[in-house]
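Here is a walk through one protein model. Keep the sequence and the 3D view side by side as you read.

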Amino acid sequence: MAGGGFSTVGASGVEFEAKITPIVIISCIMAATGGLMFGYDVGVSGGVTSMPDFLEKFFPVVYRKTQNPGIDGNYCKYDNQGLQLFTSSLYLAGLTATFFASYTTRKLGRRLTMLIAGFFFIVGVVLNAAAQDLAMLIIGRILLGCGVGFANQAVPLFLSEIAPTRIRGGLNILFQLNVTIGILFANLVNYGTSKISGGWGWRLSLGLAGVPALLLTVGALLVVDSPNSLIERGHLEQGKAVLRKIRGTDNVEPEFLELVEASRVAKLVKHPFRNLLQRRNRPQLVIAVALQIFQQCTGINAIMFYAPVLFDTLGFGNDAALYSSVITGAVNVLSTIVSIYSVDKVGRRMLLLEAGVQMFFSQVVIAIILGIKVKDDSNDLHKGFAILVVVMVCTFVSSFAWSWGPLGWLIPSETFPLETRSAGQSVTVCVNLLFTFVIAQAFLSMLCHFKFGIFLFFSGWVLIMSIFVLFLLPETKNVPIEEMTERVWKQHWFWKRFMDDDDHVAAVKNGDIGMKNGHANGYDPASRL
């Protein structure tokens, strides 16, 4: 039975009938477990790197500094490139893997790409949990990073393509919701395993990542591929059957024909990455790249990677640090649920602009408190100020969770046309992981050198990105995914100047599009890499 129904409007003005069917909800929930795995990997690293047993085994230099505060100041005791590499290697591997994932999402489909991600996750988890030396630990993280690259490539595309237009935003944010649940789950696990005697608690923390890894793998085995992907690979009848199944109606001919036409146009493009650089695709590319850079420059991952380390640095003590990170993780989850309910009602721009004000205020307050109260030689933060810091961190996390967190993935996944969608998503994931790697690798060193000024640094970026959203980001809510060019980009005061058709003619001349009697000439999906 369908959970509800509505119509969406196609480019020709024809209404597409679409019910919210159980298979859509179940498929999206299963696919979004890729976010659960990603979130767990983000959250677990900060917890285990604050565990003495883990540090003593793999990072003895850092262990000695944490046991003897006199060796280094509060802000610098965790400043170690090897420790940062443990966290950041996952994202560097994901950056590399996303190029291969771009190929598999087109050639093999979204579903099989998610299955490949699950395989990488499982092997990486086994190596991490059983690690005997630093090399084994890093190799495991690299394999987890490969899983992240494949999952982050396929899952947002899958969610955007399978969801009915009017709830596309909410269902897509299931990915980000699962990221936040994964972080919270990791924080809770770390809090529990830190109390295990015998020095093996960190192994349990790393090993329990197998739970979301198995969920993603099983989910990928059970879900159907998206109609867009099936049609793009030439399986027209199967694509139509799946479309009929997920829409909960036999009246899918108008939407099916539009998908077929979009696929035909996409197949004319032999070189999607080169096509991305064409003038008419520049707005989508600039927006996608800017959102990924800005998302990381909010400073959120610095807090999520190293929340226990950060709170311990501020004088909370190990148990209190882990407890505080659990609180921020819970706020993260609840605030993402707010985004699910509001993104398709309030709109993308309003959420981003409101969050900009909230994030800027909270980071400035944190910087002022730390600047006055936390010195290199201070051993504790007064209880009242400590509570205020946690409140401000939660204020920051909540605003990110209903704005830049989910929308940084949602907006790029819904704005690229089909002919450049896989390539565009690949660039999106690539840029995101590149800047995630940079922040992960640099944060503890930045904290050592900038001290409380690190929050002023990130607040400055929040101001810049809010101005960018105000003037250059168009609203995309309730716009069918194949109609973005006509209804969004051609209507925007600035980006419409890039929407002329002259570059289409140039593309034909340059060989980006091979035409013969109005049809694709010698199209080969592999040539699109």
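Start where two helices meet. R348, L351, L352 and M359 in α18 are in contact with W404, L407, L410, I411 and E414 in α20. This is a predicted model. By class, the contact of α18 with α20 holds seven nonpolar, no polar and two charged residues.

How are two such helices described? Packed helices are described by the angle between their axes and the distance between those axes. Helix α20 covers residues 404-415, and its axis comes within 11 Å of the axis of α18. The two axes cross at roughly 150°. Angles over 145 degrees count as roughly antiparallel, and α18 and α20 are therefore roughly antiparallel to each other. Their crossing is left-handed.

Follow α18 to K373. Helix α18 spans residues 348-373, and K373 lies in it.

Now turn to helix α19. It runs over residues 383-401 and contains S398. Buried means under 20% relative accessible area. S398 has 8% relative accessibility, so it counts as buried. Which residues does S398 contact, leaving aside neighbours within four places in sequence? They are V331, S335 and Q358.

Go back to W404. Not counting residues up to four places away in sequence, W404 touches L291, F294, Q295, T298, L352, M359, M465 and V469. W404 also belongs to the largest nonpolar core, which has 129 residues. Together with F54 and F121, W404 is among those with the most contacts inside this core. Helix α7, residues 134-162, supplies the largest share of the core, twelve residues. A second, separate core has five residues, including L276, L285, F416 and A423. In soluble globular proteins, nonpolar side chains tend to be buried together.

Helix α5 covers residues 81-107, and the axes of α5 and α7 come within 6 Å. What is the angle at which these axes cross? It is roughly 40°. The helices α5 and α7 are therefore oblique to each other. Their crossing is right-handed. The contact of α5 with α7 has 15 nonpolar, ten polar and one charged residues.

Notes:
Residues numbered from 1 in each chain as written. Predicted model: local features only at pLDDT ≥ 70, side-chain atom pairs only at ≥ 80, totals over all residues. Heavy atoms only, no water. Core = buried A, V, L, I, M, F, W, Y, C linked by side-chain atoms within 4.5 Å. Buried < 20%, exposed > 50% of the residue type's maximum accessible area, 1.4 Å probe, protein only. Helix = DSSP H or I, 4+ residues; strand = E, 2+ residues; numbered from the N terminus. Contact = heavy atoms within 4.5 Å. Axes fitted to C-alpha atoms, helices over the stretch in contact; angles between N-to-C directions. Parallel < 35°, antiparallel > 145°, perpendicular 65-115°, else oblique. Left-handed = near helix turned anticlockwise from the far one by under 90°. Nonpolar A, V, L, I, M, F, W, Y, C, P; charged D, E, K, R; others polar.
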